[in-house]
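Here is a brief report for a reader meeting this structure for the first time. Look at the sequence and the model, then read on.

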Amino acid sequence: MDSANSPTLNAFSSRNILITGTTGFVGKVVLEKLLRSVPTIGKIYLLIRGNSTNPTARERFQNEVATSSIFDTLKARDPQRFEELCDEKLCFITGELTEPNFSLSDPEFHQLAQKIDLIINSAASVNFREPLDQALQTNTLSLHTIIKLANMKKAPVVHVSTCYVNGFNTGVMQEDTVCPKHGGINRSVHGHFDVAPVIAQLQSRIAVVNSRHKNRKERERAQINLGIAASTQYGWNDTYTFTKWLGEQVLAQQLRGQTLTIVRPSIVESTLQEPAPGWIEGVKVADAIILAYAREKVTFFPGNKDGIIDIIPADLVANSIILGGAEALTATPEHRIYQCSSSHCNPIPIKQVIKHVQDEAMQNFAQYKNLFLRKPKRPFIMVPNALFRTVMGLAYNLLSIRSSILTRMGVTVSSAKMANLETAMKLAIIFSFYTQPRYTFSNEKLCALAERMGEQDKRQFPVDGSLIEWGQYLQKIHLAGLDQYSLAPKKAKPKQKQVRKQTEAA
Ligand SMILES: NC(=O)c1ccc[n+]([C@@H]2O[C@H](COP(=O)([O-])OP(=O)(O)OC[C@H]3O[C@@H](n4cnc5c(N)ncnc54)[C@H](OP(=O)(O)O)[C@@H]3O)[C@@H](O)[C@H]2O)c1
């Protein structure tokens, strides 16, 4: 690739960056693309926390990241080169985001700050119903340490947020600061919201809950409930999106006068093209429902079938983060917000998504051995929320009565139907807000950024949701990707080749 015509390659030239969240879905796609397509980059510092199996960042990278099928394309080109790239480019920082200094010593933290030119913060707790204390730590309070790091050398920050910080707002959501739907939080003259009093209040409510519940499980349940109650009070559906919105405000307030780019993806799904069409990891939001249908656990779900759902392939998200990073490295210090989304530029109603998935399931189920048990017997139906609740309530009561009568008569009762109802109800509690969308997300500013970067970067780093051809993507790319990557039976781990030793943190 010709770097002379690529502002992106030029911007990253010899620049060192720190990325968080590379053991996760989006972070892996960003890292792979940087390694494969941005050869000019300096060092890439990976902040990864240790776990019981792999206590250091390096070990987690070797055993959980480098082994991922996301790198198959790079390895297929030249396995030796992949190892060389890892050796040349990667530095490992074992760090816990929520600890002071990411659990590094003061000198280590200081040295790290001196080395990096850009921070890409992709780490987050993405559980919609996380206990409030944990979600607040990860999605909001940990940003103070990102800010501290950025401030030491005035490094620009690219922060990965979510389009769904829109909360209960409806209509066309612009790439701008979101006003809480329910008010009660003051807006500063600089545009962001003054969330310090809200965070202080949340912390005292968290402390009260903790003092009331000594039992760990009960405490956790109470923190989940507190998260939902506080979120809905201020105008959000769940703890995840509320704490992510709080995080945006903390960054906006404390990085005033510096470069901050917030990239908000919508629902991130399998890649459109790169490094391979359909690459995906784990079972994401919409896929939990597709999987429950494929496994014949759920055939109807609450939602508005005419609502416009916003799905965006992971490679377009990674490219948006990279273009945002290139701009942040070179443009004037400013705050910018980009939405990587499809609902405004290439809208697809939920009923159309259902039709594509269902048609493919009925016609070609046998091609997806890991996804479909057999040809689905029933269609997937979307019904209004109130109807769903009534039918589920009735079905649950009838099944309970039948089961208790049969049990009393000494007949063994299969619990499969009851379990299916419970699966549908659990999924509905978590996701039904997202299947009744009353908003779309504009991506005009993101597309304008891509235009500014010129033709070569537009081709190399596509970001625009209007590139998706929905039938082809949902049927031939996404379902195939789910089957091939997310649901494939786990292979025995190949013997690890050592990624050669590199300087540890700082
Ligand atoms: N996936 C989506 O549909 C979607 C949609 C919109 C926005 N986003 C945003 O995209 C970003 C990435 O999401 P994702 O889907 O990649 O999530 P993910 O797969 O769950 O990955 C989360 C990453 O964050 C790391 N992390 C969490 N807590 C940490 C901590 N305390 N210290 C260090 N690392 C920590 C995780 O590390 P461990 O492996 O150690 O847990 C993991 O690498 C998030 O900011 C999310 O809000 C995602």
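Ser-103 sits in the loop that links S3 and helix H6 (106–115). The model is predicted. Ser-103 is not a glycine, yet its phi is positive, at about 70°.

Between Glu-274 and Pro-275 the peptide bond is cis, and its omega is near -5°. Pro-275 belongs to the loop between S8 and helix H12 (285–294).

## The chain overall

The chain holds 18 helices and 15 strands. Along the principal axes, its C-alpha atoms fill a box of roughly 75 × 50 × 45 Å. How does the radius of gyration of the chain fit that of a compact globule? A compact globule of 506 residues would have a radius near 23 Å, and the chain has 23 Å, so the two agree.

## The sheet

Seven strands form an open sheet with parallel pairing. Their order is S3-S2-S1-S4-S5-S7-S12. Strand S3 (90–94) and strand S12 (335–340) stand at the edges. Each has a single partner strand, so one side of each has no neighbour in the sheet. On average, neighbouring strands are turned by 15° against each other, with direction ignored.

S1 and S4 run parallel and are joined by four bridges. Within this pair, Ile-17 stands opposite Leu-118 in S4.

| Strand | Residues |
|---|---|
| S1 | 17–20 |
| S4 | 118–121 |
| S5 | 157–160 |
| S7 | 260–265 |
| S12 | 335–340 |

## Helices on the sheet and on each other

Helix H13 (residues 314–330) lies across S4, S5, S7 and S12. H13 runs at about 170° to S7.

Now a helix pair. Two packed helices are described by the angle between their axes and the distance between the axes. The axes of helix H7 (residues 132–141) and helix H9 (residues 196–212) come within 10 Å. They cross at roughly 145°. The crossing of H7 past H9 is left-handed.

Which residues meet there? From H7 come Leu-132, Asp-133, Leu-136 and Thr-140. From H9 come Ile-199, Leu-202 and Ile-206. By class, this contact has five nonpolar residues, one polar and one charged.

## Around the ligand

The shell around the ligand has 25 residues. Gly-24, Leu-97, Ala-123, Ala-124 and Val-268 come nearest. Helix H2 (25–37) and strand S8 (267–269) are the elements that give two or more residues to this shell. Which element gives the largest share? That is H2, with three residues. The shell divides into eleven nonpolar, ten polar and four charged residues.

Technical notes:
Residues are numbered from 1 along each chain as its sequence is written. This is a predicted model: local features need pLDDT of at least 70, side-chain atom pairs count only at pLDDT 80 or more; totals for chains, interfaces and linings use all residues. A residue is near a molecule or strand if its C-beta atom, placed from the backbone, lies within 6 Å of it. Ala, Val, Leu, Ile, Met, Phe, Trp, Tyr, Cys and Pro count as nonpolar, Asp, Glu, Lys and Arg as charged, and the others, Gly among them, as polar. Two strands pair if DSSP finds at least two bridges between them. Axes are lines fitted to C-alpha atoms, for helices over the stretch in contact, and angles run from 0 to 180 degrees between N-to-C directions. Two residues are in contact if their C-beta atoms, placed from the backbone, lie within 7 Å. A crossing is left-handed if the near helix is turned anticlockwise from the far one by less than a right angle, and right-handed if clockwise. The radius of gyration is taken over C-alpha atoms; the globule rule is 2.2 Å times the number of residues to the power 0.38.
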